[in-house]
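Keep the sequence and the structure open while reading.

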Amino acid sequence: MNFKKIFKTLLNVFLLTGLIIFLLILYPVLIEPNILVVKHKKLYLPNFNPAHNGLKIAVLSDFHINKYGVTMKKMKTIVKKTNRENPDYIFLLGDLDSYLIEKYKLNNNELSSIMSGFKAKYDVISVLGNHDFGPCVVKPILLNANIKVLENQKQIDNINGEKLIIYGLKDLWHFNVLPKKVIKKEDKGNSIIVLSHNPDLFPDVPSYTSLTLSGHTHGGQICLPFFGGIFTPSMWEQRFNKGYIVENNKHLYVTSGLGFSAPVRFGNPPEIVILELYSQETYPNKTIQNTKELKGLKHSLNAVGMSIARKFLDYFSLI
């Protein structure tokens, strides 16, 4: 019997097992959630005034601030990295998370002070997410940081002599939101950016808008080849899971966010998204009519994934 060969085989099995454990447990729990990626992309939009070409926007969502993921210290890093990009606008798409802020007894004034550090050429604007209502109301935290909160409201800015209109929609899970009633036809012909925490509203956004920005899905938290996002809290399942989506010449960008609702991420690191916006009128060769449909878990399989996530959340008392 060749004991040396057996020992070498057992050692390789042990090392392989250790690697698998690292990839399946340690990496998605301890490493990837603590990564912070700055993602850049150029978008070429319909109904976007050429006078606004090159507009740079920072998109951040789903902070879920607590003592273990996006901490106060990490918030300072997020602010610093965002400001380093010199954006024209910073858009915050919701879910600071009132439950976690209250649970961990975080100092609201300190959080406002940190967030007041966000700097943009024109403005810092937020909408509220489904986790921003409850024991600690998030809206005052944002207002005390001099961050505007749009709730079925619009802001009109004059940039290079032309109107840029920013609409902020209320959260779909708390309000009966009808985008076509909020977004006025009288604004057609202008650059229109729509902020909606939940991308499920996108099919009802009018076709004359330029771009819709959303978060909420966390990119499915765990994102695997062929399966897509495992835990995607959307009535449309994988359709608006994350990234750049174009349907019938309407444009949507969904960020997978910065925090987590369960302490795990895989193939889907926390991100700050920096978008540069351009008009298709100026760059007709860049026109995209439709992107490929996102594939992955559907129907009952995704429901099982969400059920597992809910039990995981309950166990760790993160909601």
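Buried means under 20% relative accessible area, exposed means over 50%, and partly exposed lies in between. K139, with a relative accessible area of 29%, is therefore partly exposed. The model discussed here is predicted.

## The open sheet

The sheet is open and has 6 strands. Their order is β1-β14-β2-β3-β4-β5, and the pairing is mixed. β1 (37-45) and β5 stand at the edges. Each has a single partner strand, so one side of each is left without a neighbour in the sheet.

Strand β4 (residues 123-126) runs parallel to β5, and 2 bridges join them. I125 has K148 as its bridge partner in β5.

## Helix α2

Helix α2 covers residues 72-84, which makes 13 residues. At 1.5 Å a residue the helix should span 18 Å. Its end C-alpha atoms are 19 Å apart, which agrees. Just after α2, N86 takes a positive phi of about 50°.

Which residues of α2 are buried? They are M72, K74, M75, I78, V79, T82 and N83. An α-helix has 3.6 residues a turn, so residues three or four places apart point the same way. The cover over the buried residues of α2 includes β2 (55-60), β3 (89-92), α4 (108-115) and β14.

The largest nonpolar core has 34 residues. Inside it, L60, I78, L92, M115 and F118 have the most contacts. At least two residues each come from β2, α2, β3, α3 (98-103), α4, α5 and β14. Helix α2 gives the most, with 4 residues.

L60 shows how these parts meet. Beyond residues up to four places away in sequence, L60 touches I78, T82, I90, F91, L92, L93, F118, L258 and I272. A second core is separate and has 25 residues. Among them are F91, V127, I166 and L195.

## Salt bridges

Side chains of opposite charge can pair when their charged atoms come close. In this model the count comes to 7 salt bridges. One of them joins E102 to K105, with the closest N and O atoms 3.6 Å apart. E102 is partly exposed, at 33% relative accessible area. K105 is exposed, at 65%.

In another pair, E151 bridges to K139, with the closest N and O atoms 2.7 Å apart. This pair links distant parts of the chain, 12 residues apart. E151 sits in the loop between β5 (148-149) and β6 (153-159), while K139 belongs to helix α5 (residues 138-144). Is E151 buried or exposed? It is buried, because its relative accessible area of 18% is under the 20% cut-off.

## A charged network

K154 forms a salt bridge with E186, and their closest N and O atoms are 3.8 Å apart. Here too the pair links distant parts of the chain. K154 is in strand β6, and E186 is in the loop between α6 (179-182) and β8 (191-195), 32 residues apart. Salt bridges that share partners join K154, E186 and D187 into one network. K154 is partly exposed, with a relative accessible area of 31%. E186 counts as exposed, at 64% relative accessibility.

## Two loop residues

S210 lies in the loop between β8 and β9 (211-214). At 1% relative accessibility, S210 counts as buried. What does the side chain of S210 meet? One of its polar atoms lies 2.6 Å from the backbone oxygen of N47.

L294 lies in the loop between β14 (271-279) and α7 (299-316). L294 is partly exposed, with a relative accessible area of 27%. Setting aside neighbours within four places in sequence, the contacts of L294 are Q238, R239, N241, K242 and I245. L294 and N241 are 53 residues apart along the chain, yet their C-alpha atoms are separated by 7.5 Å.

Technical notes:
Residues are numbered from 1 along each chain as its sequence is written. This is a predicted model: local features need pLDDT of at least 70, side-chain atom pairs count only at pLDDT 80 or more; totals for chains, interfaces and linings use all residues. Side-chain values use heavy atoms; hydrogens and water are left out. A salt bridge is a side-chain nitrogen of Lys or Arg within 4 Å of a carboxyl oxygen of Asp or Glu. Buried means under 20% relative accessible area, exposed over 50%, partly exposed in between (1.4 Å probe, protein chains only). Contact means heavy atoms within 4.5 Å. The expected span of a helix is 1.5 Å times one less than its number of residues. A polar contact is a pair of N or O atoms within 3.5 Å; within protein, one must be able to donate a hydrogen and the other to accept it, and residues adjacent in sequence count only if both atoms are side-chain atoms. Two strands pair if DSSP finds at least two bridges between them. A nonpolar core is a set of buried Ala, Val, Leu, Ile, Met, Phe, Trp, Tyr and Cys residues joined through side-chain atoms within 4.5 Å.
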